[in-house]
Amino acid sequence: MKRIRKQRMQETVELNITAFLNLMVILVPFLLITAVFSRMTVLELNLPALEAQQKENEEIKLQLQVLINEDKLVVQDAILGPLKEVVRDEQGDFKWKILTDVLLEIKTRFPQEQNISLLMDTGVRYKTMINVMDHVRYAEVVQTTAVELVELFPNVSIGDAPAQVSEQAGEGEAGE
């Protein structure tokens, strides 16, 4: 009698994995679909080399830089000095159209130039840096029937602003 009860008890114990399999059937396609939409964008930056600086001294050519402060952007040549300043408007946004126009004009004069350096002050926000990088790499030019994407300076280098610029910006803010 005891043997029969033991056999019945052992036969009734089964693992029910139907709910787990139903979950996996739903979860696997969901993960595959969402994996397609999450892509990581990697931007390659080229840092200036020491040898490149010596070669640049031998040849006089454009060394385009954009100094980024909290209040303004200064487009300049490393040798000639400032070319144009772009300040923020009343809403606190930079006047991107002015920056794009200046860069397009420089690009038409130096069509072979691909490099630009972004020199940032310490208080510059990450979002501002990314916006400037987007605007110096490409510009949207409106043609008669369509908007054309024009490549400006795709090789972007990043560095710290010179101490003079940082001090001048600090003095300008303190004087206001």
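**Around a buried ring**

I began with F94, which counts as buried because its relative accessibility is 4%, below the 20% cut-off for that word. I kept in mind from the start that this is a predicted model.

Next I looked for aromatic pairs, and the count came to one. That pair joins F94 and W96 in an edge-to-face arrangement, with 5.6 Å from centre to centre and 70° between the planes. I also noted that the charged end of R88 sits over the ring of F94, 4.1 Å from its centre. Elsewhere I found the charged end of K107 over the ring of F153, 5.2 Å from the ring centre.

**Helix α5**

I then turned to α5, which runs over residues 126-137 and has twelve residues. From first C-alpha to last it reaches 17 Å, close to the 16 Å expected at 1.5 Å a residue. Which residues of α5 are buried? I listed T128, M129, V132, M133, V136 and R137. They cover an arc of only 155° around the axis, and therefore lie on the same side of α5. I reminded myself that an α-helix has 3.6 residues a turn, so residues three or four places apart point the same way.

**Confidence**

Last, I checked pLDDT: the mean for the protein chain is 80, and 80% of its residues reach 70 or more. Confidence is highest in strand β1 (residues 64-68), at 91, and lowest in helix α6 (residues 163-175), at a mean of 50. Over residues 169-176 pLDDT stays under 50, and the model has three contacts beyond four places in sequence for them. Where pLDDT is low, the predicted coordinates should not be read in detail.

Conventions
Residues numbered from 1 in each chain as written. Predicted model: local features only at pLDDT ≥ 70, side-chain atom pairs only at ≥ 80, totals over all residues. Heavy atoms only, no water. Helix = DSSP H or I, 4+ residues; strand = E, 2+ residues; numbered from the N terminus. Expected span 1.5 Å × (residues − 1). Buried < 20%, exposed > 50% of the residue type's maximum accessible area, 1.4 Å probe, protein only. Arc of directions from axis to C-beta. Phe/Tyr/Trp six-rings, centres within 6.5 Å; stacked < 30°, edge-to-face > 60°. Lys NZ or Arg CZ within 6 Å of the ring centre and 35° of its normal. pLDDT = per-residue confidence, 0-100. Contact = heavy atoms within 4.5 Å.
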